Amino acid sequence: MILPIVAYGDDVLKKKAEEITPDYPELKQLIADMFETMYHAKGVGLAAPQIGKSIRLFIIDASPFADDDEEDLSHLEDFKKVFINAEIIEEEGKEWAFNEGCLSIPGIREDVYRKPNILLRYQDENFNTYEEPFEGIAARIIQHEYDHIEGILFVEHLNPLKRRLLKNKLSNISKGEVKVDYKMRFPNKKR
Ligand code: NI
C-alpha cells in the first residue's frame with residue numbers, strides 16, 4: 001500500500017524517533033509498504049518519520065545510482081537494505097559536498113557537506129545486529145536517512161543565508177503549494 005509522505009513542517013519530522021523491538025505490530029507489512037511508497041516516489045531512501053511513524057526504521061535502495069555514466073557505482077546495484085535501531089558510532093574523513101534532496105521537501109536540492117566514512121550499528125528486518133563500515137554514496141544515503149530518525153532535515157545543514165533564501169519555498173511546501181506527483185500529507189494545508 002502506498003502511504004502518504006509527510007511534508008516539511010510536520011512535527012513528526014523534528015522528533016528523535018524511538019527504538020523498536022521484534023514485537024512491533026505488523027512490521028513486515030510496514031516495511032513492504034515503505035518500499036512501495038519509496039519506489040512510487042522514485043526515492044532511494046525513506047525513513048519511518050516520513051510516513052508519520054516516529055520509530056528508528058529506515059530503508060534504502062541505492063540501485064538507481066548504479067547506472068551512473070561518469071563514475072563506476074556498480075557496487076550500489078545490490079545496496080538494498082532495512083535499517084532498524086541504527087546508531088552511528090563513528091564518522092570520519094574530510095567533509096565532501098553532495099547534492100541532496102528529500103521526498104518530504106519536494107523541488108529543493110542543495111549541496112550538503114558530510115564526512116565520507118561511517119561506522120554504523122544497526123539491526124536488519126530479522127533483528128540480527130551488525131556493526132558495519134560504509135563509505136561514499138552508501139554512507140551519504142545512510143547519513144541522510146539517519147538524520148530523519150534523529151529529527152533532522154538536510155536543509156538544517158545549510159548555512160543561514162541559504163536557509164533564508166529557501167524560507168518561502170519551505171513554507172509553501174508545508175502548505176501544499178508545490179507540484180509533486182506522489183501522495184503527500186501537508187501539515188499547514190488549508191481546507
Ligand atoms: Ni529525506
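Q: How are the donor residues of the nickel ion spaced in sequence?
A: The spacing is C-x41-H-x3-H. This is a predicted model, where local features need pLDDT of at least 70, side-chain atom pairs count only at pLDDT 80 or more, and totals for chains, interfaces and linings use all residues. Residues are numbered from 1 along each chain as its sequence is written, and side-chain values use heavy atoms, with hydrogens and water left out.

Q: Which atoms are the protein donors of the nickel ion?
A: SG of Cys102 and NE2 of both His144 and His148, lying 2.1 to 2.3 Å from the ion. Donors are N, O and S atoms within 2.8 Å of the metal (3.2 Å for Na, K and Ca); water is not among the atoms, so sites may look incomplete.

Q: Where in the chain are cysteine 102 and histidine 144?
A: Cysteine 102 is in the loop between strand 5 (96-100) and strand 6 (110-114), and histidine 144 is in helix 2 (residues 136-149), 42 residues apart. Helices (H or I, at least four residues) and strands (E, at least two) are DSSP runs, numbered from the N terminus.

Q: Is cysteine 102 buried or exposed?
A: Buried, because its relative accessibility is 9%. Buried means under 20% relative accessible area, exposed over 50%, partly exposed in between (1.4 Å probe, protein chains only).

Q: And histidine 144, buried or exposed?
A: Histidine 144 counts as buried too, at 7% relative accessibility.

Q: Changing topic: where is asparagine 168 found?
A: In helix 3 (residues 160-174). Asparagine 168 counts as exposed, at 62% relative accessibility.
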